[in-house]
Amino acid sequence: MNAQELLQEISDYCRQTGLAESTFGRRAVNDGKLAARLRNGGRITTDTLDRIHGFMATHPTQGQRPAIIERTRELRPAAPLLPAAPQKPGDPQRNFRFFDNRQKYLLFVNTCSEKWEVAYRVSEEIAHIHPRPPAIRVFDAGVGDGSVLVRVMRAMHDRFPHMPFYMVGKEISLEDVRLTMQKMADRFFEHPATVLVLTNLAYADAPWLAVKSLNAASSLVWHEQPLIGNSAHRFEQQIMNLEPFLAQNWKAGVSARTGNPVYERPVVLVIYREDHRFLLDPIIPKPGGTSANYDLVIASQPYRARASLDFKAKRVIGPLARALGPGGRLIAIHSHGHDPGMEIIQRVWPDDNPFIHDRHQILKAVKHELGPAGRDLNFNAYADNRSLFRYDMHTLPSEISDSIGTSTLFAAWNAAIYVAQVEDDRLGEVVADGRYIDATRAVLRERGGLWFFDESFVISCRRA
C-alpha cells in the first residue's frame with residue numbers, strides 16, 4: 001500500500017465517521033499531523049500502518065462493518081464532503097441540482113444552438129482585449145462540456161496564432177471535465193504554445209489557483225501532465241489516461257449550508273506540451289498560487305437564475321471582476337426569458353418567472369460590492385440590441401406542422417424546463433396529466449419553432 005492509497009482510506013473513513021483528519025491521527029497513532037505528513041511525502045513504519053488499520057477495525061463506521069475489510073480497489077462513487085442538508089419542500093435552491101442534471105443538460109446542449117451563439121458572442125470580445133507578455137490569459141468560470149472554451153480557443157488562434165495561451169477553466173462536475181478534455185487534443189496540436197489548467201476550486205479561489213482555507217489547502221491535489229509527441233492522436237491517448245486520476249480525485253458533494261455543489265478535495269490539473277516546456281516555463285503555474293490578471297474572463301451561466309442578487313454579486317461576479325488584468329474584459333451571460341421557451345413554462349405555471357434579476361441590477365450590485373476596488377473598472381450594460389442574443393432549438397422545417405413528432409415535443413419541453421430551471425418536484429403532477437405536451441405543442445405551432453434569449457454584459461478594466 002502506498003501513501004496515496006492510505007490517504008484515500010483515511011479520507012473515506014473520516015468522511016463516513018465525521019472525524020477531522022487531525023482528530024483521527026491523534027486517536028489512531030497520537031499524531032494529529034499524520035495526514036498532512038503523508039501528503040507532504042512523509043513515510044510511516046509498518047507498525048504505524050498496523051495501528052491505523054487496527055483503529056479503523058475496532059471503530060467501524062456506523063451501520064457498516066470495518067472499513068478496511070470492506071474496502072476494494074475499485075473506484076468508488078463520489079461521497080459528499082458534508083452531510084446533505086434537510087430539504088425544505090418549498091426551497092427550489094435545495095431541491096434543484098441545475099448544473100448536475102446530466103440527462104437534461106446533455107439533451108439541451110445537443111438540440112439547441114446556445115453553445116455556438118455564446119462562443120460567437122464571447123469571441124467578439126477578443127478584438128477588444130490588450131494582452132501583455134508572456135501570454136494571453138483566459139479564465140472560463142464554468143467550462144461545462146468544453147464546447148464554448150474550445151471554440152473560443154479556435155478564434156484566439158485565428159487572431160493570435162503565435163502568442164502563448166494560458167487557459168484556466170473552473171468546473172466541479174467530473175463528467176464535464178471528461179467531456180472538456182476529450183475536445184482538447186486538437187487544440188494542443190494546432191496551438192502548441194498552450195497551457196491548459198482545469199480546477200474545481202470556488203470562484204473566490206480558482207482564478208489564483210490558491211485555496212484560502214488552510215484545511216483545504218493541506219489536501220490540495222496538484223498534478224502536471226506534460227504531453228509527449230507531436231500528434232493529436234498521441235495527445236488524446238495521454239489525456240484519456242488521466243481518467244483514473246480524475247475518478248479518484250474529482251469528487252463533489254452538496255454543501256449542508258447552501259445546497260450548492262462543493263468539492264471533496266481541491267484539485268488543479270495542468271496540461272501542456274513537453275516539447276514547448278522551455279517556452280512555456282514562465283506561464284506554467286506553480287503550487288502556492290499564481291497571479292490572475294486575466295485578459296478575458298468568460299462567465300456563461302455562472303449562477304442559477306433564482307439565486308439571490310447578493311450571491312450573484314458577492315460570490316460570483318465580484319471575485320471574477322477582481323481577477324481582471326489591465327485592459328482585460330469579463331463577459332457574463334445568463335438567460336433572459338421573454339421568449340417562446342418561457343411561454344411554454346407560463347402556460348403550465350402561469351405565475352412562474354425565474355429570471356428575477358436583469359443585467360442592470362446585477363451590475364449595480366457588483367459595483368456596490370467592489371466599492372473602491374472597482375474604481376478602475378467600467379460596467380457596460382449596453383443596449384438590448386447588443387446585449388441580447390437569440391439561440392434556437394434545431395428542427396427541420398417539416399417537423400413543425402399539424403402533426404409534431406413526439407421526440408420533437410419532448411426535446412422542446414426539456415429545453416424549456418432546463419432553461420427555466422424548474423425543480424424536479426414540480427414536474428410530477430404536470431407530466432402525469434399530460435398538460436406539458438399540450439402547452440409545448442401549442443407554442444411550437446404558434447411560433448413555428450422554439451428559441452430562447454440570453455442576456456450579456458461586460459466589465460472591463462482600464463489599461464495601465
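This is a predicted model: local features need pLDDT of at least 70, side-chain atom pairs count only at pLDDT 80 or more; totals for chains, interfaces and linings use all residues.
Which residue in β2 does valine 138 stand opposite? In β2, valine 138 faces methionine 167.

Residues are numbered from 1 along each chain as its sequence is written, and side-chain values use heavy atoms, with hydrogens and water left out.

**Strand β1**

Helices (H or I, at least four residues) and strands (E, at least two) are DSSP runs numbered from the N terminus. Buried here means under 20% relative accessible area, with a 1.4 Å probe and protein chains only. One side of β1 carries Ile136, Val138 and Asp140, the other Arg137 and Phe139, and both faces are covered.

Two strands pair if DSSP finds at least two bridges between them. β1 runs parallel to strand β2 (residues 165-170), joined by 5 bridges. With strand β8 (residues 294-300), β1 pairs in the parallel sense over 3 bridges; there, leucine 296 is the bridge partner of valine 138. Together with helix α9 (residues 147-159), β1 and β2 make a right-handed β-α-β unit; right-handed means that, with the strands pointing away from the viewer, the path from the first strand over the helix to the second runs clockwise.

**Two helix contacts**

Axes are lines fitted to C-alpha atoms, for helices over the stretch in contact, and angles run from 0 to 180 degrees between N-to-C directions.

| Helices | Axis distance | Angle |
|---|---|---|
| α20 (residues 406-419) and α22 (residues 435-447) | within 9 Å | roughly 95° |
| α2 (residues 21-29) and α4 (residues 46-58) | 9 Å | about 105° |

The angle makes α20 roughly perpendicular to α22, a term for 65 to 115 degrees. Contact means heavy atoms within 4.5 Å. Among the residues making this contact are Phe410 and Trp413 of α20 and Tyr436 and Leu444 of α22.

α2 is likewise roughly perpendicular to α4. In this contact, Phe24, Arg27, Ala28 and Val29 of α2 meet Thr48, Arg51, Ile52, Phe55 and Met56 of α4. The buried residues of α2 are Thr23, Phe24, Gly25, Ala28 and Val29. Just after α2, asparagine 30 takes a positive phi of about 60°.

Terms used:
Angles under 35 degrees count as roughly parallel, over 145 as roughly antiparallel, 65 to 115 as roughly perpendicular and the rest as oblique. Buried means under 20% relative accessible area, exposed over 50%, partly exposed in between (1.4 Å probe, protein chains only).
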